[in-house]
Amino acid sequence: MVNAWKVVREIARGAAITSRHFFVNMTFHTLRLFGVKTKRRGAVTIQYPEVRKELSPRHRSLHRLRPREDGRPSCVACMLCVTVCPSECISVEAAEDPDPEIQKVPARFVIDLSRCCFCGFCVEACPVDAIRMDTGEIRLAATERSALELPLDKP
Amino acid sequence: MVADVLIILVKVVLTLMWTLLLALFLTWVERKQSAVMQDRIGANRASVFGLRLFGLFQPFADAIKMLFKEDFTPSFAQRTLHWLAPMFSFFFVAVTMVAVPFGDTVRLFGRRIPLQVVDLNAALLFVLAMLSLGIYGILISGWASSNRFALIGSLRGAAQLISTEVALGLSLVGLVMVFPSLSLARIVEFQGGLLFGVLPKWGIFLQPLGFVVFYLAGMAETKRVPFDMPEGESEIIGFYTEYGGLKFGLFMFTDFLEVIVLSALATTLFFGGWQVPWLGDGGFVFPWGAGIKVAPWGVTVLRVLSFNSKVLFFCWLQILTRWTYPRFRYDQVMDLGWKVLVPLGVVNILATGLVLAAR
């Protein structure tokens with residue numbers, strides 16, 4: 001008998017919790033619908049494509065090559081990022097640079113985004129701080145494979 | 001004669017439309033209500049020309065999606081039965097609505113038209129019989145799928161529905177003893193009186209235990225989440241595994257129809273149907289002596305609104321239940337059916353009989 005009473009009480013408690021959420025949220029939804037400003041919202045949902053949550057400053061998003069003052073990429077084609085990349089998605093072809101201070105530039109710097117695992121090792125490995133993952137771009141979906149090849153040497 | 005047939009036809013069409021539209025929008029209500037209960041927003045993207053209306057077009061989008069899916073029958077299934085099963089399960093639930101009174105009578109063109117498709121004199125038995133026949137939809141779908149898992153699922157469903165059907169029948173015996181009629185229209189009329197001169201004479205006040213048993217057994221009858229043993233859409237394989245597209249949609253739709261039927265029955269039998277508390281044919285007469293005059297058409301509108309709002313409340317309550325409680329274990333469903341609800345139903349009959357005899 002005691003057990004049955006406990007069951008009934010717990011059932012009622014569960015219904016009370018969910019209906020409390022329902023009525024409280026409905027109140028805030030209704031107030032907002034009629035233009036009343038409330039501190040709380042009826043839902044915690046962020047309506048993604050229209051509303052964006054701010055990314056953490058450490059967030060690793062789409063790669064970029066930091067440019068020099070003259071606009072050319074600051075990469076020196078040392079191949080350290082290619083070596084360290086665990087998913088082997090970076091391919092760099094070096095070329096000679098007329099400036100003897102620089103010596104090498106990438107003729108081709110392509111990242112295969114379909115392979116990239118966004119570990120950020122390339123950023124860590126770069127001796128001249130050329131590659132960075134701070135663009136904040138996280139919408140990387142594409143309808144064909146070729147669109148996932150990111151040529152970073154083109155400015 | 002022709003006019004009578006026409007009236008019946010119009011009433012059938014209106015009742016069907018009411019039921020189907022309500023079921024269609026219950027899919028939306030279920031998604032939105034569960035979302036609000038869980039601090040989410042729910043379906044709000046479906047739009048017509050940029051008009052979103054809180055995602056109110058979502059049911060139509062879902063229906064169109066279902067329509068354009070392939071009407072697939074597995075090669076190993078038994079074609080005719082496989083095609084027939086969803087119709088069975090849909091038809092027997094939808095047909096119960098003909099016995100439900102939506103309001104009292106209206107006077108139109110010098111005729112008195114009861115707002116009920118047919119006033120069967122054994123409506124209660126008819127409703128119970130039709131709900132029982134719904135089991136065949138489940139059994140046939142499992143059998144025709146020629147899939148062992150589907151068959152086991154349908155057997156689980158049959159076992160669950162039979163064990164709760166007994167309790168469902170028993171819970172209504174007490175009600176029939178109090179309101180001596182099997183016709184739903186008569187039962188609603190009986191509930192128009194007053195209890196102790198104050199309370200409306202609704203079934204819930206005369207048969208509280210009967211209502212609890214009825215509601216629990218009815219919830220089990222709808223095969224929705226706390227009792228979704230036959231189907232178990234999240235992990236166990238249910239009886240409509242081999243169905244897709246519109247036929248699957250029909251099974252899903254049946255669940256919502258059952259929610260409506262249970263709501264309509266609970267309203268009609270235990271919450272006064274179309275009765276508004278203290279509203280007579282001439283207007284409100286309150287127990288403390290005051291009164292408000294209401295025109296006859298106003299009375300009819302109020303009564304129809306009363307029925308509809310009670311039905312909507314029960315739909316809300318069932319969706320709340322569905323999104324609050326986890327599923328029962330199989331043996332717990334059986335225990336609830338045979339060891340709790342059936343004895344409680346018998347106790348209810350005995351208590352009702354004792355009270356009636358002592359009076």
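Domain bounds here come from an automatic or database domain assignment. With that in hand, select chain A: it is divided into domain 1 (1-45) and domain 2 (64-151). The C-alpha centres of domain 1 of chain A and domain 2 of chain A lie 51 Å apart.

Before moving on, some ground rules: this is a predicted model, where local features need pLDDT of at least 70 and side-chain atom pairs count only at pLDDT 80 or more, while totals for chains, interfaces and linings use all residues. Residues are numbered from 1 along each chain as its sequence is written, and chains are lettered from A and ligands numbered from 1 in the order in which they are written.

**Stop one: a sheet in chain A**

Show β2, β3 and β5 of chain A. They form an open sheet of three strands in the order β2-β3-β5, with antiparallel pairing. (Strands are DSSP runs of E, at least two residues; helices are runs of H or I, at least four; both are numbered from the N terminus. Two strands pair if DSSP finds at least two bridges between them.) β2 (90-96) and β5 (149-151) of chain A are at the edges with a single partner strand each, so one side of each has no neighbour in the sheet. Now zoom in on β3 (residues 104-112) of chain A, which is joined to β5(A) by three bridges. Pick Ile111(A): which residue is its bridge partner in β5(A)? Look for Leu150(A).

**Stop two: where the chains touch**

Colour both chains. The contact takes 13 residues from chain A and ten residues from chain B, counting two residues as in contact if their C-beta atoms, placed from the backbone, lie within 7 Å. On chain A's side, five are nonpolar, eight polar and none charged. (Nonpolar means Ala, Val, Leu, Ile, Met, Phe, Trp, Tyr, Cys and Pro; charged means Asp, Glu, Lys and Arg; the others, Gly among them, are polar.)

**Stop three: chain B**

Chain B has eleven helices and six strands. Along its principal axes, the C-alpha trace of chain B spans about 70 × 55 × 50 Å.

Strands β1 (residues 105-108) and β2 (residues 111-114) run antiparallel, joined by four bridges. Val106(B) has Ile113(B) as its bridge partner. In the hairpin, two residues sit between the strands, and Phe109(B) takes a positive phi near 50 degrees.
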